[in-house]
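Dear colleague,

Please find the structure below, together with its sequence. My notes on what was found in it follow directly after.

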Amino acid sequence: MARHSMSGCTARTTFHLIGPQSWTAVPAALVYDSSDPFAVRVRFGDDGAEDDRTHDGGSAFETAAQAAGADDDAYDPAPDEDGGVEWLLSRDLLRAGLIGPVGEGDVRLWPARNGLDVLFLQLRAPSGEALFEVSGVAVGQFLRETDALVPVGTESELLRVDDELTALLRGGTDNPTSH
């Protein structure tokens with residue numbers, strides 16, 4: 001179930017890192033903030049618990065980060081305050097991935113065939129790649145909650161691009177809301 005605030009929502013879930021002979025459960029959180037209305041963050045290693053250890057003693061988010069690579073633009077190499085890693089995805093790409101194959105390059109998504117409740121997420125970087133599966137129902141519910149906060153098609157209304165450009169052109173701050 002997602003947690004809400006006036007400006008965003010978070011849904012904790014489990015991604016399964018698919019390996020050659022087995023899979024590893026990776027706790028994660030889908031995070032949406034209306035101040036960045038086009039983006040969804042996937043925070044691996046965020047399960048709200050103190051201990052994110054896998055059966056082999058390594059952390060699940062370290063396993064995911066190593067498999068997916070640490071050199072990707074969509075990957076935040078600096079751990080968040082909980083020590084996890086974060087990937088930035090397009091909300092539209094995530095939504096489209098529930099329906100059919102989407103993405104090019106570093107991030108690709110596609111639903112499982114035969115009506116299974118599985119969404120595949122492939123993350124690629126020069127140093128490696130990772131294939132995850134996650135519940136399509138959980139992702140769909142999370143996206144509906146983001147839509148309640150910022151309806152599809154209204155994202156641009158939340159961005160103050162004109163104000164920011166005016167401030168930059170006047171030689172002022174890049175943050176027009178600061179005084």
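Leu94 touches Val40, Leu89, Leu109, Leu119, Val139 and Leu143, leaving aside residues up to four places away in sequence. Please keep in mind that this is a predicted model.

Leu94 also belongs to the largest nonpolar core, which has 27 residues. The residues with the most contacts inside this core are Phe15, Phe44, Leu94, Leu121, Phe132 and Phe142. Several elements each supply at least two residues of the core, among them strand E2 (8-18), strand E3 (23-33), strand E9 (128-134) and helix H3 (136-149). As background, nonpolar side chains tend to be buried together in soluble globular proteins.

Val40, one of the contacts of Leu94, is found in strand E4, which covers residues 39-44. Is Val40 buried or exposed? Val40 is buried, because its relative accessible area is 0% and the cut-off for buried is under 20%. Beyond its neighbours up to four places away in sequence, Val40 touches Leu30, Val31, Tyr32, Trp87, Leu88, Leu89, Arg91, Leu94 and Phe142. From Val40 to Thr10 the C-alpha distance is 9.7 Å, although 30 residues separate the two in sequence.

I turn now to the charged side chains. The structure holds 7 salt bridges. One of the pairs is Arg41 with Glu86, whose side chains meet at 3.2 Å, N to O. Because Arg41 lies in strand E4 and Glu86 in strand E6, this pair ties together parts that are 45 residues apart in sequence. Arg41 is partly exposed, at 24% relative accessibility, whereas Glu86 counts as buried, at 13%. Both residues belong to a network of salt bridges that also links Asp36 and Arg43.

A salt bridge also joins Asp147 and Arg95, with the closest N and O atoms 2.5 Å apart. Asp147 lies in helix H3 and Arg95 in helix H2 (residues 91-97), so the pair ties together parts that are 52 residues apart in sequence. The relative accessible area of Asp147 is 24%, so this residue is partly exposed.

In a further salt bridge, Glu129 pairs with Arg124, and their closest N and O atoms are 4.0 Å apart. Glu129 is partly exposed, with a relative accessible area of 46%, and Arg124 is partly exposed at 28%.

Leu165 lies in helix H5 (residues 161-169) and counts as partly exposed, at 45% relative accessibility.

With kind regards

Definitions and conventions. Residues numbered from 1 in each chain as written. Predicted model: local features only at pLDDT ≥ 70, side-chain atom pairs only at ≥ 80, totals over all residues. Heavy atoms only, no water. Helix = DSSP H or I, 4+ residues; strand = E, 2+ residues; numbered from the N terminus. Buried < 20%, exposed > 50% of the residue type's maximum accessible area, 1.4 Å probe, protein only. Contact = heavy atoms within 4.5 Å. Core = buried A, V, L, I, M, F, W, Y, C linked by side-chain atoms within 4.5 Å.
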